[in-house]
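Open the model in your viewer and keep the selection tool ready.

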Amino acid sequence: HMFSSFVDAVEYGRIRRMPASFLPPAPNPKPGVVALGDAFNMRHPLTGGGMTVALKDVMIWRELLHSLPNLSDHAKFSKLLEEFNVKRKGTHSFVVNILAQALYELFAATDEHLLQFREACFAYFQLGGVAVSGPIGLLSV
């Protein structure tokens, strides 16, 4: 399967160094289904943010489920799912999604200006210290 995709990419000039998948978050209306981390919405693995988001999702659900004594109460569960979606969007997932997509665009760039920006980004990271811990800290929101 991968070989034929590779041959097609070479033949038609569609080789991408870091193919990206981005799946924006959208509420899942299926009763009894809860998706976390990359199962809920994907981001490029460049930042490793899927696991961070999944663990933060678990923390939100841990708090929300205290008010749900019976998992069979679908009406109450649906309300909690809506609350989860709002909390998730406002606390951690958007930061990781934006950073992952921005870094992908930067590192996969072919535009002259973005290539210069990428070189500047690498030079900044080489400074070490806060130049690295600041951006990395955004991933652990």
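Select D57. At 0% relative accessibility it is buried (buried means under 20% relative accessible area, exposed over 50%, partly exposed in between, with a 1.4 Å probe and protein chains only). This is a predicted model, where local features need pLDDT of at least 70, side-chain atom pairs count only at pLDDT 80 or more, and totals for chains, interfaces and linings use all residues. Residues are numbered from 1 along each chain as its sequence is written, and side-chain values use heavy atoms, leaving out hydrogens and water.

Now show helix α2, residues 49–64, and helix α3, residues 74–91. D57 lies in α2. Helices are DSSP runs of H or I, at least four residues, numbered from the N terminus. The two axes come within 10 Å and cross at roughly 135°; axes are lines fitted to C-alpha atoms over the stretch in contact, and angles run from 0 to 180 degrees between N-to-C directions.

Which residues of α2 meet α3? Select V53, D57, I60, W61, E63 and L64. Their partners in α3 include F77, F84 and R88. Contact means heavy atoms within 4.5 Å.

Last, jump to F3 in helix α1, residues 2–12. F3 is exposed, at 64% relative accessibility. Its C-alpha atom is 35 Å from that of L55.

Key:
Helix = DSSP H or I, 4+ residues; strand = E, 2+ residues; numbered from the N terminus.
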